[in-house]
Amino acid sequence: MRVLIVDDEEVLRDVLEVVLRREGFDVVSAASGEEALSMLDGEEVDLVILDVMLPGISGIDTLRAMRISNPYLPVIVITASSSIDGAIEAMKHGAFHYIPKPFKNDEVVLTVNKALEQRRLSRENERLKTELSDKYSYANIIGKSEIMRKVFDLIKQAAPSRSNILIQGESGTGKELVAKAIHHASPRARNAFVTVNSGSLPPELLESSLFGHMKGAFTGAIATKRGLFEVADGGSIFLDEIGNINLETQAKLLRVIQEKEFMRLGSVDTIRVDARIIAATNADLHRLMADFKFREDLYYRLNVITIQLPPLRRKREDIPLLVQHFLQKYSEENKRKVREVTPEAMRILMDHAWPGNVRELENTIERAVVLCNGDRVTPELLPDYLRYPARTDQPTMIVPQDGISLKDSVSNYERAMIQQSLELANGVQKRAAELLQLKPSTLNEMMKRLGIHTKSNAVVEDEVGVSD
């Protein structure tokens, strides 16, 4: 550890240097603030001992300059008893501690060790925050498909803003991961990210969790408790499965968004809060609004920026990347050396529809890694339902007692098959025709007859873009 001593008295510099070198420290010294600042520009220093009374640039001004160029560098000030006010001023500007003259050698060593320990803890804290930020940065959301690149672009644009965000997508598409990526790429990254599993809590418990409660507010409220909105103050709160919240709680949530204040259960005092809301759902909120189960005013408050996450079946080109990512992750966790998937196994993975999306794929690869005794995942390590999928050559049809229109049934079946093929092909008719083993012209005629319209690129962009 290197310590810089800044004092215009040569005798004092020599004494401190002897004391600190005896403790194993590397010591350099400067006779003025100007010299010290010049040395800091070119040398790595772990701690500074600074005299408040210096010729030229004062000790306080030297401290200010040091804090600007290196805010995490601990500075201990030394001062004569007659200039205690200067030491207090130095503490206000970020000095770690002050030592009055005359000082005891043991006191200097003890203070230096405490300051260096704080520096170590600060560096460790910064390292952990950086690792956390890297872990949840959008760069670690795996995907190279065009639709995922649009998602990445939107995350990058939306993260720095203060706007509320609504993430929509099927179960298992990674909505919480995207929410964390948005938070950690935002100016709020150093504050709390709070997750609320809205769908798993009964209404009364959800309100207590969100807004807190006072002692005696209800049976079992034996103490006053802060709500999660208070915990998230200055940061972000992630409301997962927002579509499952009851109408009464929705009204209170709307007030928080509009007024940025709320009351704890059992209290008449309002609490101000500044928390960015990131909501997610796999439900059709438009249908819920039509059924009067979700408030329109809340929807439009949440739906400032919408991110639509595609199901895995619509981005099959991302499957090999995801497989490799999960292979590496679970090989490291389980101390295995599984490096790749055989072509036969990859073909099975590519052909599956993945109704559970990325989460289902992740579980499949984790299982294969745990069971693998070599360095390759073979078909035998995949679940039977993937290796031997149920055949659907003949649709299951039930003729009701009062009869059924064969023509309508056939049309409905054709419509469903074509729509599924278009979804798998991301709206590309030529590719959908290949999946159905039809000529593109034949598919086009069938689509016109059945009233099927493909999603244009513009519509796809709307799905992952900013709502009006």
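Which elements do the buried residues of α3 pack against? I will come to that after a word on the model.

This is a predicted model, in which local features need pLDDT of at least 70 and side-chain atom pairs count only at pLDDT 80 or more, while totals for chains, interfaces and linings use all residues. Residues are numbered from 1 along each chain as its sequence is written, and side-chain values use heavy atoms, with hydrogens and water left out.

Now the answer. The buried residues of α3 pack against β1 (2–6), α2 (33–42), β3 (47–51), β4 (75–80) and α4 (84–92). Contact here means heavy atoms within 4.5 Å. Helices (H or I, at least four residues) and strands (E, at least two) are DSSP runs, numbered from the N terminus.

Helix α3 itself covers residues 59–69, and its buried residues are G59, I60, T62, L63 and M66. These five span an arc of only 160° around the axis, which puts them on the same side of α3. The arc is that of the directions from the helix axis to the C-beta atoms. On the face turned away from the buried side, α3 carries the exposed residues I68 and S69. For burial, the cut-offs are under 20% relative accessible area for buried, over 50% for exposed, and partly exposed in between, with a 1.4 Å probe and protein chains only.

Next, the overall picture. The secondary structure of the protein comes to 20 helices and 16 strands. The radius of gyration is 32 Å, well over the 23 Å that the globule rule gives for 468 residues, so the protein is more spread out than a compact globule. That radius is taken over C-alpha atoms, and the rule is 2.2 Å times the number of residues to the power 0.38. Along the principal axes, the C-alpha atoms fill a box of roughly 105 × 60 × 45 Å.

Of the 468 residues, 43% count as buried. Among contacts between residues at least 6 apart in sequence, 70% join residues at least 24 apart. The protein exposes about 25,500 Å², and carbon and sulfur atoms supply 51% of that area. Accessible areas come from the Shrake-Rupley method with a 1.4 Å probe; for residues, only the protein chains shown count as cover.

On charge, there are 61 positive and 68 negative side chains, and the centres of the two sets lie 5 Å apart. Lys and Arg count as positive, Asp and Glu as negative, and His and the chain ends are not counted. The place of a charge is taken as NZ of Lys, CZ of Arg, CG of Asp or CD of Glu.

Some backbone details follow. Where is the cis peptide bond that ends at P102? That bond runs from K101 to P102, with omega near -5°. P102 lies in the loop between β5 (97–101) and α5 (105–135).

Two residues have positive phi without being glycine. K335 has a phi of about 55°, and its place is in the loop between α13 (319–333) and β15 (340–341). W354 has a phi near 50° and is found in the loop between α14 (343–351) and α15 (357–371). Are K335 and W354 buried or exposed? K335 is exposed, with a relative accessible area of 75%, whereas W354 is buried at 0%.

Now some individual positions. S29 lies in strand β2, residues 26–30, and is partly exposed at 26% relative accessible area. Leaving out residues up to four places away in sequence, S29 touches L4, I5, R13, E17, E35 and M39.

K114 is found in helix α5 and counts as exposed at 52% relative accessibility. K114 and A223 are 109 residues apart in sequence and 37 Å apart in space, C-alpha to C-alpha.

N246 sits in the loop between β10 (236–240) and α10 (247–259), partly exposed at 22%. N246 and V338 are 92 residues apart in sequence, and their C-alpha atoms are 47 Å apart.

V428 is partly exposed, with a relative accessible area of 44%. V428 and T454 are 26 residues apart along the chain, and their C-alpha atoms are separated by 8.0 Å.
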